[in-house]
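Please examine the sequence together with the three-dimensional structure shown below. The paragraphs that follow lead from individual loop positions to the ligand.

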Amino acid sequence: MEKKAPTALIHHPYRPPEGFDSPQPGIFKASSVFFPNVAAMRSREWKDKTAYTYGLHGTPSSYMLEERLCSLEGGLQCVLAPSGLAALALVSLSLLQAGDEVLLPENVYEPNKSLVEAELKTWGITHQFYDPMDLHDLEAKLGDKTRLVWLEAAGSVTLEFPDVPAMVRLCRARGICTALDNTWGAGIAFNPFDLLPDLVPALCVDISTQALTKYPSGGGDLLMGSVITRDPALHMRIKLTHMRLGLNVGANDVELVLRALPSIYLRYQAHDASTRALAVWCQSQPEFTQVLHPALPGSPGHAHWRSLCATDAAACLFSVVLDARFTQTQVDAFVDALRLFRLAYSWAGPISLVVPYDLSRSRKRWPAQIARGTVVRFAVGLEDPQDLQADIAQALAVLRA
Ligand SMILES: *Cc1c(COP(=O)(O)O)cnc(C)c1O
């Protein structure tokens, strides 16, 4: 059949030779995926990744990233979400229905709190917050309606490190699903699917989510999330909800994460070394009444961190508590005076970031193990740590003046 020019351009016969092989996998983009015939259209299965049916259901690029993330975290199945927060929402939406209750730690990532308070609540899903540093409090709150328990290690902003294995044991004994927001650990600090290495069978969380926005991306330039499991039935439940909600990630962002993953261990270690040095130095500054960093003896939950995590794995975050005698204006001036630490949310990119937090607004009661004052969280980037220390020192001079 003779084709007119526009048709010939679209249905072009050229095919590049097969067998192209290079360090990075190819990037595949699609909404439509071609089927050779109707029989193939009817029989192809995307749920088990044996074939392709539609861009939303997976491409070679998204399958590739999912498999690599499973390796990173010790899981078996993965779905990708458009942001870390979307991954958290996906888990809750997959597992909870009217009449169920979800438990979250008091130091939970703030938007997850607002998800349960503002969205899930209107659908008849109740919630309670538990003290992550008090096992009895969690145990007392596990009830007949509890379907899901969120865990975070370390906790957002205040970085308390909970007794993760003990918490998972409590929930498992009652058949309650545990979901760990593993953004901090990233699959590097500890294995969420093998919490006590000597134990057989392994003690594991049911679900591990990550904001790939952080370490896996490493660039501060994209948003993505993952939900990883080791149970086919649980995975399928999440995958079907994922499909029905129409969650997708862009292939260019998948490419960026695939490009950054090979250096994630090196970056994590580099962040860790700088962060530790800065946190220790901050302990000697009189304006800081407390330095929160899981690897520092005296930081809340340090013993739990030591028993669960690799010794060089404490990530890029630490927070300081500025003495309560400083006014909000003074603390703001200190933060504004920082030059290398940029004022911005998120972390684990090359540039150091800082955010001041008012715990009295986010917590119902002041956490027992945290000194009174304003919390300032530092996310240490990949700059030279001595320059970062000099930056904090000059901002402290502003505070003293
Ligand atoms: C950043 C973050 C998220 C959310 O990630 P986004 O991609 O920004 O939505 C979730 N949990 C934790 C602990 C985070 O730090």
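A315 is located in the loop that connects helix 11 (302–308) to strand 9 (317–323); helices (H or I, at least four residues) and strands (E, at least two) are DSSP runs, numbered from the N terminus. The structure is a predicted model, in which local features need pLDDT of at least 70 and side-chain atom pairs count only at pLDDT 80 or more, while totals for chains, interfaces and linings use all residues. Residues are numbered from 1 along each chain as its sequence is written, and side-chain values use heavy atoms, with hydrogens and water left out.

The backbone of A315 deserves attention. Although A315 is not a glycine, its phi is positive, at about 65°. With a relative accessible area of 0%, A315 counts as buried. Here buried means under 20% relative accessible area, exposed over 50%, and partly exposed in between (1.4 Å probe, protein chains only).

V157 belongs to the loop between strand 4 and helix 7, and V157 is buried, with a relative accessible area of 11%.

The peptide bond from A153 to A154 is cis, with omega near -5°. A153 is buried, at a relative accessible area of 0%. Between A153 and T126, 27 residues apart along the chain, the C-alpha atoms are separated by 23 Å. Another cis peptide bond, with omega near -5°, runs from V200 to P201; P201 is in the loop between strand 5 (177–181) and strand 6 (207–211).

Two other positions may now be considered. E287 occupies the loop between helix 10 (264–283) and strand 8 (288–292). Is E287 buried or exposed? E287 is buried, because its relative accessible area is 5%. The side chain of E287 makes a polar contact of 2.5 Å with the side chain of R400. A polar contact is a pair of N or O atoms within 3.5 Å; within protein, one must be able to donate a hydrogen and the other to accept it, and residues adjacent in sequence count only if both atoms are side-chain atoms. A401 is found in the segment after helix 14 (385–400). A401 is exposed, with a relative accessible area of 89%. Computed along the sequence, A401 and P132 are 269 residues apart, and their C-alpha atoms are 38 Å apart in space.

A polar backbone atom of G84 is 2.7 Å from an oxygen atom of the ligand, and a backbone N or O atom of L85 lies 2.8 Å from an oxygen atom of the ligand. A nitrogen atom of the ligand is 2.6 Å from a polar side-chain atom of D181.
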